[in-house]
Amino acid sequence: MFYFWRRALFSPFVFFFLSLLVWATVGALPASLFFSLLLLIHLILHLHQLKALDFWLANSDERMVPDGPGMWEEVFTRLNRMVRQHRKEHEQHIAALQHMEQATSALPEGVTILDGAYHIEWCNPLAEQHFGLDCKRDIGQQITYLARQPEFVQYLTLHEFSEPLVLCGARQDELTLSIKLIPYGNNKLLLISRDITHLERIETMRRDFIANVSHELRTPLTVVNGFVETLHDMPNLENSMTRRALHLMGEQTHRMERLVDDLLTLSKLENTLNTLQEETVNVSRLLSTLHQEGQSLSAKKHTLRLELASHCALLGNTDELRSAFSNLISNAIHYTPQGGEILVSWHEQGDRPVFSVQDSGSGIAPQHIPRLTERFYRVDRSRSRETGGTGLGLAIVKHITSRHQARLEIASVEGKGSTFSIVFPVSRRLTLPAEEAITA
Ligand code: ADP
């Protein structure tokens with residue numbers, strides 16, 4: 001600071017002493033005129049440097065920092081140092097950014113950065129391909145203006161990103177994308193898109209294969225079963241060994257028929273083209289019928305109760321819901337020993353309609369619960385066979401549940417019993433006219 005003032009005030013002091021000399025030789029008036037003249041020249045020189053600075057500031061990216069004498073030399077030297085430092089840091093930032101861009105471009109997934117209102121801030125080349133974007137042209141645009149598929153728009157609107165979205169036919173070329181949104185930072189979103197067309201094709205082939213094989217097996221099985229039954233019922237069949245063999249053959253072909261039927265049901269539920277045919281389902285009436293069917297399946301071995309605590313109806317598919325509810329009721333009957341109690345109930349949790357089946361049966365150990373809805377997963381294989389189970393019942397229930405945007409909840413204590421509940425969303429709750437409601 002001292003150095004600055006020394007340089008800044010050096011010239012005025014010199015002018016002052018020169019003026020004092022002039023005063024001593026030619027008098028006060030010429031001396032003051034001389035001093036004023038020197039100050040004016042000094043001021044003009046400063047203004048000239050200020051102009052040079054202003055000129056440079058107007059286009060500092062392209063021009064060199066100006067040079068100047070006296071105190072300006074110090075100012076410009078410092079400015080020059082700052083500019084060089086700033087340019088160096090800027091180049092480092094650009095290099096880091098380019099490095100990041102190269103890394104994200106090499107990712108096998110599309111990456112798009114969105115702000116809180118879904119405006120595009122940046123995207124990598126793969127995301128450009130996935131959504132038909134142009135990173136330079138579309139920056140600042142709302143992504144839903146460019147990717148308009150209703151499922152995608154709904155996914156963003158619901159703001160529920162825990163599960164990825166599978167987007168079929170994302171562009172004309174039948175692209176299937178798996179889309180995940182990850183919130184981060186200050187109200188920003190990372191949109192990760194993955195091309196799963198190939199996986200989907202394999203999955204479709206697998207589904208078609210199972211559906212075709214099941215379909216092809218159905219006719220020969222019906223024929224074999226018909227003949228086995230005819231032979232078994234023949235009056236002149238003396239040999240007890242043959243009768244027993246035919247009985248076992250009949251049982252096994254029936255089991256295979258049930259398996260084929262369940263596989264076909266699963267294929268139908270998995271088919272993305274098979275959209276849910278919605279109607280008003282009078283659940284109370286449906287459960288009354290299933291309760292009667294359950295009682296004949298139980299053959300008075302259990303106490304089977306029905307509790308209709310809600311009279312609301314559902315927006316859903318009657319056949320699918322019948323299949324899911326009856327699967328859970330028949331499981332409760334099959335896995336509850338004689339004398340046990342089963343409670344089928346229809347009630348509400350808040351505004352959410354809930355179907356539940358509670359039994360006092362064998363219960364399920366906690367490690368099995370997360371896997372129960374996998375195909376062919378059984379806790380006890382031989383018990384399942386005894387009951388005539390196919391191992392596909394809960395997989396079917398899970399599919400039907402998710403087609404209705406509902407949640408399957410399983411609570412169980414080994415040796416004490418289990419409760420299987422289907423919790424439906426409020427949006428599926430319907431109110432029936434009073435004359436259609438049934439009370440149990
Ligand atoms: P399954 O045709 O073998 O019954 P599911 O998919 O319906 O196949 O059920 C899968 C497994 O879950 C069953 O094998 C059984 O071990 C278990 N399970 C299902 N329901 C119950 C229940 N209410 N109590 C005890 N275990 C059950």
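How many Å separate an oxygen atom of the ligand from an N or O atom in the side chain of tyrosine 335? The views below begin with that pair, in what is a predicted model.

View 1. The tyrosine 335 side chain places an N or O atom 2.8 Å from a ligand oxygen. On its own, the ligand has 530 Å² of accessible area, and the protein covers 96% of it.

View 2. Helix 11 (318-334), helix 13 (393-403) and strand 12 (417-423) each give two or more residues to the shell around the ligand.

**View 3. The residues of the shell.** Around the ligand there are 20 residues, and the closest are Asn331, Tyr335, Ser384, Gly391 and Leu394. Sorted by class, the shell contains nine nonpolar residues, eight polar ones and three charged ones.

**View 4. The domains.** Stepping back to the whole protein, the domain assignment lists domain 1 (2-101), domain 2 (107-195), domain 3 (202-270) and domain 4 (279-436). Between the C-alpha centres of domain 2 and domain 4 there are 38 Å.

Notes
Residues are numbered from 1 along each chain as its sequence is written. This is a predicted model: local features need pLDDT of at least 70, side-chain atom pairs count only at pLDDT 80 or more; totals for chains, interfaces and linings use all residues. Side-chain values use heavy atoms; hydrogens and water are left out. A residue is near a molecule or strand if one of its heavy atoms lies within 4 Å of it. A polar contact is a pair of N or O atoms within 3.5 Å; within protein, one must be able to donate a hydrogen and the other to accept it, and residues adjacent in sequence count only if both atoms are side-chain atoms. Accessible areas come from the Shrake-Rupley method with a 1.4 Å probe; for residues, only the protein chains shown count as cover. Helices (H or I, at least four residues) and strands (E, at least two) are DSSP runs, numbered from the N terminus. Ala, Val, Leu, Ile, Met, Phe, Trp, Tyr, Cys and Pro count as nonpolar, Asp, Glu, Lys and Arg as charged, and the others, Gly among them, as polar. Domain bounds come from an automatic or database domain assignment.
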